[in-house]
Structures are given as C-alpha cells and as structure tokens.
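Below are some notes for a colleague who is meeting this structure for the first time. Please keep the model open while reading them.

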Amino acid sequence: MTSRPVTGPTVPGVVTAAPPLSFAGVTRSFGRSRAVDAVSLTAGPGVVGLLGPNGAGKSTLLRIAATVLAPDRGEVRLLGLDPSRPDERLEVRRRLGYLPQAPGLYPGFTPFDLVDYVAVLKEHTHAARRREEVRRVLVSVGLEDDMHRKIRRLSGGTRQRVALAAALLGDPDLLVLDEPATGLDPEQRLRLRSLLSQARTVVMATHHIAEVSSVCHEVHVVLGGRVHFSGPPAGLAALAAGRVWEDDRPDPRAVHSWLTPAGTHRHVGEPPAGAALVAPTLDDGYLLLTAEARR
Amino acid sequence: MSPAWVLPTVRATSWWPLAVVACCLAVVAVPLHAGALGADGPADDLLGPVAAALAAAAVAGLRDPAAALLAAVPAPAPTRRTHRLVLLVPAALVVWSAWLALGDDVRPPDLLALVALVALGLAGALAAAGRGGAPVGASAALAVGTAAPVVWVLASRAGGHGWDAHVGALLVVGATALVLGRDR
C-alpha cells in the first residue's frame with residue numbers, strides 16, 4: 001500500500017497539504033474533571049502511539065480524534081477538515097476508521113453480518129462490492145474461518161478482531177484505535193503490527209510498550225490530560241540515559257525498582273555513585289517520566 | 001441511505017421489551033375479552049398504564065450494544081435512532097391498536113397519544129445523555145427515557161388530569177429534544 005498526500009477541502013486549483021491529525025490547545029472537561037488539558041499535537045503518515053496510565057485522557061483524545069466528542073476549547077483538524085462543521089465531519093467520517101476501547105457487538109450477528117452492517121452505515125451502497133470488501137477486511141484480520149459463526153460463540157480476542165475489521169473497512173485515511181491489541185494472542189499481535197504498518201495514518205492508545213517500540217514512529221505520553229513527551233520511541237528511552245542501574249539489592253533511592261528474571265534488581269532514578277549503569281529501554285523512559293510527573 | 005439498513009436494523013433492534021409488554025397484554029386481554037374482569041373492554045383506568053408500558057418498551061428498544069463501535073460512521077446516531085424508531089413505533093402502534101380494539105364503548109384516544117409518549121421518552125433520554133459523548137443507546141440515559149412515559153402517566157393520574165390531555169405539548173417537547181439533541 002502506498003501513502004498518498006492528505007489534502008484539505010477541495011478548492012479548484014488549490015491543494016493544501018495538512019497533517020492528517022492536528023490538535024491545537026484542545027481541552028475537554030467532564031463536569032469538574034478536566035480529562036484533556038490544552039493538548040497540542042500533530043500526527044503525520046505512519047503510526048503514532050499514545051501512552052499513559054489509566055485515566056490519563058488517552059481515550060478522550062481518541063474520541064475527539066474520531067469525531068465522537070467535541071472539545072470544549074481548541075482547534076481540531078482531521079484530514080485537513082474541521083470536524084466541528086457538520087458537512088466536514090461527515091467527510092472525515094467517510095475516510096476514518098475507529099476502534100473504541102470497549103466495542104460492543106451484536107451477539108446474534110455473525111462477524112460477516114456485523115461488518116456488513118457497518119459497511120452499510122459507512123455508505124458502501126453497492127451490494128456486491130460491499131460484500132467483497134467485508135470479506136477482504138475479515139480475512140485481513142484472520143477471520144476467514146470464523147466469519148459465519150455467531151459472535152456470541154467467539155472468544156474475546158476474536159471479537160476484538162471483528163471490531164478491528166469494521167474499523168479497517170474502506171481502507172481509511174485515518175485509523176483511530178483505542179487499545180487494539182486487547183485480548184489478542186502473540187500471533188494475532190504480529191498480524192496487527194503488520195496491518196498497522198500498511199495503514200496510512202494510525203493514532204492508537206496502548207498500554208503495550210512492545211507495540212509502541214515495534215510499530216510507532218512517534219509516541220506521545222499523556223499524563224493527567226496533558227502531553228508530557230512527544231517524539232520518537234528512542235527519544236523516550238533516551239530520557240532515562242544514565243539513570244538506570246542494576247544491583248543485587250533493592251535501592252530505596254530509586255523511583256522504581258523491580259526484580260529482573262536474572263535475579264538482579266533494576267532501578268530507575270538518580271543513581272548512586274559507582275552504580276552499574278545499564279542501557280535504558282522504552283519502559284525505563286516511560287516509568288521515569290510518569291514518576292517525575294507525579295512529583 | 002439505501003434500504004440495505006432495514007434487515008440488519010431489524011436484527012440489531014432490542015425487541016424483547018416490546019415483546020414482553022405485548023405478551024403481558026395478551027394474557028390480560030383474555031379475561032378482559034371474556035368479561036371476567038367486569039368490563040366490556042379495556043377499562044379507562046388501564047389505558048394510561050398500557051400506553052406508558054408500550055412507549056417505555058419502544059424507547060427501551062433503542063438500546064444499542066454496538067453504539068460505541070458505530071459512533072464514528074457517516075450515518076450519525078440520530079439517523080440510526082430514526083431507523084429503529086421507524087421499526088419500533090409502528091410495532092408498538094399495532095399492539096396498542098389491538099388493545100384498543102378489545103373495547104366497544106371505550107373511546108380510543110388518538111394513536112398520536114402513544115407517539116407523544118414515545119417522544120417524551122426520547123426527550124428524556126436525549127436530555128439525560130447530555131454532552132458527555134456517551135451514546136444514547138448504550139448509556140443510563142436510556143433508563144431515564146424509559147421511565148419518562150411511566151412517570152408522566154403516574155403524575156397525570158396524581159394530578160387528576162388525563163394522561164392524554166397534552167398530546168400536542170408532548171409532541172412539541174419531543175420534537176424540541178430531537179432538534180437540541182441532534183448530535184447525541
């Protein structure tokens with residue numbers, strides 16, 4: 001699959017290049033709780049990961065990115081369009097795939113029936129072409145043998161793949177995925193990585209740092225509704241350079257310590273003099289960042 | 001939108017609330033029809049509760065377990081809700097008409113009265129949904145919408161006026177809620 005340039009609204013003679021996703025000062029509250037606080041970020045072609053603990057605001061950001069939720073303040077541009085305008089929101093939705101965190105399904109449907117229904121709602125009006133597309137996305141997530149079984153008989157991971165197939169319908173320009181690897185076994189995760197690497201622009205929230213390091217070219221760490229880090233995964237790991245050491249004892253001065261399978265204690269924080277420093281990983285950088293943000 | 005939405009919407013719609021109410025009415029209708037309950041047809045006192053139950057069942061039928069998955073498709077939530085109402089309201093009206101047909105000397109209120117109660121329930125659900133972004137079909141808002149017709153009939157009875165005395169006002173409330181809640 002080749003990437004194609006993302007352009008804004010069609011104006012004769014004018015083509016405007018724009019990032020597929022752009023947030024500027026986006027704020028969203030629920031009652032007195034501010035879920036997203038003045039977030040500015042952009043996402044270009046490729047896979048962008050959102051990392052953060054539960055309740056950090058990742059899902060709210062993704063719901064805004066999927067046009068499901070409007071921000072209280074700030075500017076959102078998706079595929080060069082303004083989703084606050086109904087006509088442009090409709091155009092965005094035609095080119096968008098969305099996998100929510102808890103995608104409920106109809107238990108009495110088969111995967112084929114469900115994805116076919118979603119295709120109808122996505123304006124795939126030509127019946128034969130629609131069925132062909134439904135079959136294509138179901139096969140792409142490995143459901144060729146299960147597409148005609150009732151959803152109520154499928155495992156949690158298989159249901160997750162049904163919802164993912166629905167998001168992939170029409171080969172969308174922008175894929176918004178909230179915890180797409182939930183419930184997937186290792187083989188299915190590899191397939192997911194392969195699918196994501198073929199997609200145009202993907203914004204996904206995940207708790208799986210392995211997913212971020214393997215498919216994302218950029219990562220944003222969200223804490224308390226704010227973005228605390230934006231950059232390549234290697235940059236996040238580099239935050240912990242010189243601040244990770246191993247010892248045979250727990251170290252109370254470390255902000256995080258844990259026992260490794262090798263039987264040594266790995267520490268993140270300010271190392272004591274003479275500590276045996278080791279190369280930092282993405283986990284180290286993330287843990288250090290979250291610990292410092294909580295202080 | 002092509003009629004392709006009809007069959008999957010029929011299958012996706014929660015029919016069981018309406019089916020439960022219809023079955024209960026059928027059970028009650030047998031002794032009523034036989035005069036065992038001392039009436040020639042549905043008593044006036046029963047019309048309000050029956051209408052409330054049917055309206056509540058129609059609103060409850062909007063429950064959509066896949067609402068989150070469908071939240072970002074081009075066919076917006078109001079369109080999908082309308083699809084369901086196009087199926088649920090006629091079905092409720094059929095049951096309501098059958099119930100009214102049991103009576104000989106009871107003046108059947110306008111069929112619009114049932115539609116007005118459904119509109120009230122829809123208004124309650126949309127108002128309760130607020131701006132939180134939770135789909136109406138998958139949230140506690142639907143419980144508020146389901147309760148609204150029942151509360152209306154009970155309040156009307158307590159207030160001493162007929163439950164179907166303000167059909168026009170209820171329809172206006174429902175229409176207003178649909179306009180104000182068009183993004184929910």
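1. Within the largest nonpolar core, which has 92 residues, the members that touch the most others are V115(A), V118(A), A165(A), A166(A), V176(A) and V203(A). A nonpolar core here is a set of buried Ala, Val, Leu, Ile, Met, Phe, Trp, Tyr and Cys residues joined through C-beta atoms within 7 Å, and a residue is buried if 20 or more other C-beta atoms lie within 10 Å of its own, the C-beta atoms being placed from the backbone. Another core, of 47 residues, lies apart from it and includes L25(B), A60(B), V115(B) and A123(B).

2. This is a predicted model, in which local features need pLDDT of at least 70 and side-chain atom pairs count only at pLDDT 80 or more, while totals for chains, interfaces and linings use all residues. Residues are numbered from 1 along each chain as its sequence is written, and chains are lettered from A and ligands numbered from 1 in the order in which they are written.

3. Setting aside neighbours within four places in sequence, V118(A) is in contact with A166(A) and L169(A), and also with L70(B) and V73(B); contact means that the C-beta atoms of two residues, placed from the backbone, lie within 7 Å.

4. Where the chains meet, 30 residues of chain A are in contact with 20 residues of chain B. On the chain A side, α3(A) gives the largest share, five residues.

5. Chain B has seven helices and zero strands, helices being DSSP runs of H or I with at least four residues and strands runs of E with at least two. Of its 184 residues, 46% are buried.

Methods
A residue is buried if 20 or more other C-beta atoms lie within 10 Å of its own, exposed if 12 or fewer, and partly exposed in between; C-beta atoms are placed from the backbone.
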